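Please keep the 3D view open as you read.

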Amino acid sequence: MNSKVNPALIGGFILGAVALVITALVILGSGRLFKEWQVNVVYFRGSVNGLNVGSPVMFRGVAIGRVKEIRVICDMRDLSFRIPVLIETDPDLIRTTDSSVDPHTALSRQLTEDFIGKLIERGLRAQLQIQSLVTGQLFVQLDFFPDTPLRLAGDGNGNGYQEIPTTPSSFEEVSRTLEKIPLDQLVQKVMGTLTGIERMVNSRQLADSLESLAKTLVAVESLARQTDSHLGKLVAGVDGTLVEIRHLSQNIDAQVGPVSGSLREAAQAA
């Protein structure tokens with residue numbers, strides 16, 4: 001005997017399966033399907049090697065988003081290339097202290113182009129920073145640099161997304177400096193210098209010069225010893241001479257008295 005299938009039971013199974021799928025999407029996607037993300041575009045001038053889709057976007061050390069997409073755009077007029085990077089930030093992580101707005105309300109609907117434009121005027125810039133020295137992974141750092149120039153690469157490559165200007169980090173400046181150094185020429189000069197030093201160290205002329213220097217030092221040492229011995233005799237002779245000069249001066253003093261008396265008597269007689 002055939003039994004009829006209960007439509008309500010089938011509908012319950014279908015609704016349960018749909019609910020499970022939606023729950024799994026929400027859990028696995030951390031609510032990304034239902035979250036309103038703020039998307040902007042940045043253009044880095046140098047290489048973005050080490051920056052990947054999913055790399056974090058930080059604001060003063062706080063993770064507020066991630067890299068959504070990295071593109072390569074070729075300008076057919078001059079065959080130049082630009083690399084727009086799309087970043088998406090979570091506005092729910094930003095709160096406001098405006099008295100007219102609930103402080104517990106996220107800024108999700110207030111992140112308009114005017115608001116970001118004001119931040120850019122105050123110096124909001126994007127930088128590439130090193131996330132790990134071991135792996136070489138990079139991340140996008142957002143911060144305020146009011147003394148840096150505002151340079152925009154222009155739209156047309158970011159599908160209308162508002163652009164956040166960039167400024168080079170110390171890491172990028174060091175990388176550019178290293179790229180400009182002619183390492184091959186520098187290595188050749190260093191190798192040439194080392195070769196010259198090796199030749200000089202192993203040369204026969206240097207060995208002869210060192211041998212001559214050793215002989216000269218020995219001769220100087222012998223001369224110093226002889227000079228010391230003669231100097232002792234000379235000092236002794238000088239001491240004897242001084243003693244004789246002292247005796248002579250005493251004798252002269254003894255004779256000067258009588259002679260001066262005789263001279264005085266002769267002067268009186270005259």
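A polar contact here is a pair of N or O atoms within 3.5 Å; within protein, one must be able to donate a hydrogen and the other to accept it, and residues adjacent in sequence count only if both atoms are side-chain atoms. With that in hand, look for Asp143 and Arg60, whose side chains are joined by a polar contact of 2.9 Å.

A word on the ground rules: this is a predicted model, in which local features need pLDDT of at least 70 and side-chain atom pairs count only at pLDDT 80 or more, while totals for chains, interfaces and linings use all residues. Residues are numbered from 1 along each chain as its sequence is written, and side-chain values use heavy atoms, with hydrogens and water left out.

Where do the two partners sit? Asp143 belongs to strand 8 (residues 138–144), whereas Arg60 is in the loop between strand 2 (56–59) and strand 3 (62–70). Helices (H or I, at least four residues) and strands (E, at least two) are DSSP runs, numbered from the N terminus. Asp143 counts as buried because its relative accessibility is 17%; Arg60, with a relative accessible area of 54%, is exposed. Contact means heavy atoms within 4.5 Å, and leaving aside neighbours within four places in sequence, Asp143 is in contact with Phe59, Arg60, Gly123, Leu124 and Arg125.

Arg60 has a further feature for you to check: its phi is near 55°, a positive value in a residue other than glycine. Leu79 also has a phi near 55°. You will find Leu79 in the loop between strand 4 (73–75) and strand 5 (80–82), and at 57% relative accessibility Leu79 counts as exposed.

Now step back to the sheet. Strands of a sheet pair through backbone hydrogen bonds, either parallel or antiparallel. Two strands are said to pair if DSSP finds at least two bridges between them. In this model, seven strands form an open sheet in the order 7-8-2-3-6-1-9, with mixed pairing. Strand 7 and strand 9 (162–163) stand at the edges, each with a single partner strand, so one side of each is left without a neighbour in the sheet. Even so, strand 7 is mostly covered, with five of its seven residues buried. Strand 7 pairs with strand 8 in the antiparallel sense over seven bridges, and Ala126 has Leu142 in strand 8 as its bridge partner. Elsewhere in the sheet, strand 1 (residues 38–43) and strand 6 run antiparallel and are joined by six bridges; there, Val41 has Leu86 as its bridge partner in strand 6.

What does the largest nonpolar core contain? A nonpolar core is a set of buried Ala, Val, Leu, Ile, Met, Phe, Trp, Tyr and Cys residues joined through side-chain atoms within 4.5 Å. The largest one has 16 residues, and those with the most contacts inside it are Phe44, Leu51, Ile87 and Val140. Strand 3, strand 6 (84–89), strand 7 (124–130) and strand 8 are the elements that give two or more residues to this core.

Finally, the whole chain: it has five helices and nine strands, and buried residues make up 21% of its 270 residues.

How values were computed: Buried < 20%, exposed > 50% of the residue type's maximum accessible area, 1.4 Å probe, protein only.
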